[in-house]
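Here is a quick tour of one model, with the metal sites and a few other spots picked out. Have the sequence and the 3D view open as you read.

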Amino acid sequence: MKQILVKEPNQIEVVEAEEVVNIENNEVKVKVLYAGLCGSDVHIFEGHNPFATYPRIIGHEVMGTVEKVGADVTSLELGDQVVLEPIKTCGKCKPCKIGRPNICEKLQVYGVHRDGGMQDSFVIESDKLHKVSSEVEPEKAVLTEPLTIGAQASFRGEVGEGDTVLIQGAGTIGLCCLLIAKYKGATVIVSDLDEGKLSFAKEKGADYTINVGEYNLLDEVYKLTDDKGVDVSMDAVGINATFENAIKSCAPAGKVVVLGFEEKPAQVSQVDITKGELDIRGSRLQTHQFPFVVDLLERNLINVEDIVTHIKDKDEITEALELFKDDNSRKILIKF
Ligand SMILES: [Zn+2]
Ligand SMILES: [Zn+2]
C-alpha cells in the first residue's frame, strides 16, 4: 500500500509500505478514501510546524470505510463510513480529568506527533473513529475535522442566538467558524483581503463582509454595531495585527477567540482588556465536538457545498501542495 511521507522538511514522497494484517481486539482497520490537505500539513512539509517530528506520514482530516473490526469492537461494523478524531490523550493529567483532553499534557495529534491518515489504510483504536451515515457524501464527511475546529471556536466564544461575531480570515478555518456561528444564531461579520473569498463567505451566510484592503476594519465593525463592538471576535488569520484588532473590536464583556500559533509578542494594552472585562480564550483542536458536527452533517443543517474545490490523487501530492498556495483554492482533497 502507499503512504504519503514527509521524510524531512521539504522532502515529500509517496512510499510503499506493508499493509497491517493483524489487528488488536479493540482496533479497527480503515480503508482511507479521502484526506483533506490542511495548512498544518503544509507547515509540516515546509518545516514550520513546531510540534512535528520526522519522518512523518501526514494527514489528520481523514475519512474512509471500516475494512476490519477487532473482536471487542461493538460500535462499528464492516463497511461503515468513518472519520478520524485525530488526537491521542493520556486520560490522567489535569486537563484530561477536567474534560479538556484537547490540551492534554501528553497530547499527540495524528499526522503531526505521530503518523496520520494519508495512506491507503491504517489501524487504530475504535474510540478514535466516528461513524457518519452513508447518506453524507464522502466529500462532505471529510470536512468533519475542520468543522470541529470551527465548532470549538464557537464553543470557546460561547456563541449564541443574537450574538454578533467578527471572524477575521475567510480561508477554510474562517469558513468553518462562520458555518457554525451562523448555525448557532449569530450575526456574522467576516473580513479578509481577498474579494473572492469574501463573496464566497457571503454565499455561506456571512451577514456582512469587510475587505480590509480597502476599508479600516475597526471603523467598519463599529459602524455595523452602532459603535458597540462585537460580542465575540475570532481570529482565523493568526498574525499580530489581527490579534490586536480582535481585542479592539470587542464590546464590553466580549470574548476574543485565538486560533493562531504566532510566537512573536503582539502589542496589546491592558486597558483594552480591563475596561470591558474581555475574555481572551485560546481555541485548540476540539473537545467533544465530533458528535455535534457529524449530527449537523447528517441532518444537513450546515451548507458545506463547494468548500472542496479540488480532488487530487495521492500521487499528485506535490501538485496539491502547489495548488494550496493558489488563492482560488479552498479545501483540497487527496484521494486514496
Ligand atoms: Zn486541519
Ligand atoms: Zn492527559
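Which residue in strand 4 is the bridge partner of Leu 5? Look in strand 4 and you'll land on Ile 57. Keep in mind that this is a predicted model.

## The sheet around that bridge

Strand 1 covers residues 2-8, and its antiparallel pairing with strand 4 runs over two bridges. Zoom out and you get an open sheet of three strands, ordered 2-1-4, with antiparallel pairing. Strand 2 (11-16) and strand 4 (56-57) are the edge strands, each pairing on one side only. As for what holds such an arrangement together, strands of a sheet pair through backbone hydrogen bonds, either parallel or antiparallel.

## Zinc with three protein donors

Now for the metals. The zinc ion (ligand 1) is coordinated by Cys 38 through SG, His 60 through NE2 and Glu 61 through OE, at 2.2 to 2.4 Å. Along the chain, these donor residues follow the spacing C-x21-H-E. Cys 38 and Glu 61 link distant parts of the chain, 23 residues apart: Cys 38 sits in the loop between strand 3 (27-37) and helix 1 (39-46), while Glu 61 belongs to strand 5 (residues 61-69).

Are Cys 38 and Glu 61 buried or exposed? Both are buried.

## Zinc with four cysteines

The zinc ion (ligand 2) has Cys 90, Cys 93, Cys 96 and Cys 104 as its protein donors, each through SG, lying 2.3 to 2.4 Å from the ion. In sequence, the spacing reads C-x2-C-x2-C-x7-C. Why call the arrangement tetrahedral? Because the angles subtended by the four donor atoms run from 103 to 121 degrees, and the cut-off asks for all angles between 85 and 135 degrees.

Cys 96 has a relative accessible area of 14%, so it's buried, as buried means under 20%. Cys 90 comes out at 27% relative accessibility and therefore counts as partly exposed.

## The second largest pocket

Last stop: the second largest pocket, which holds about 210 Å³ of space. What kinds of residues line the pocket? By class, there are three nonpolar, five polar and four charged residues.

The lining draws on several stretches of the sequence, listed here in order: Glu 85, Ile 87, Lys 88, Thr 89, Pro 101, Asp 127, Lys 128, His 130, Gln 286, Thr 287, His 288 and Pro 291.

Notes: Residues numbered from 1 in each chain as written. Chains lettered and ligands numbered in written order. Predicted model: local features only at pLDDT ≥ 70, side-chain atom pairs only at ≥ 80, totals over all residues. Heavy atoms only, no water. Pairing = 2+ DSSP bridges. Helix = DSSP H or I, 4+ residues; strand = E, 2+ residues; numbered from the N terminus. 1 Å grid on protein atoms, 1.4 Å probe; cavity = no way out; pocket = protein on both sides within 12 Å on 5 of 7 lines; lining within 4 Å. Points joined across faces, edges and corners; volume = space filled by probe spheres on them. Nonpolar A, V, L, I, M, F, W, Y, C, P; charged D, E, K, R; others polar. Donors = N, O, S within 2.8 Å, 3.2 Å for Na, K, Ca; no water. Tetrahedral: all angles 85-135°; square planar, octahedral: opposite > 155°, others 65-115°. Buried < 20%, exposed > 50% of the residue type's maximum accessible area, 1.4 Å probe, protein only.
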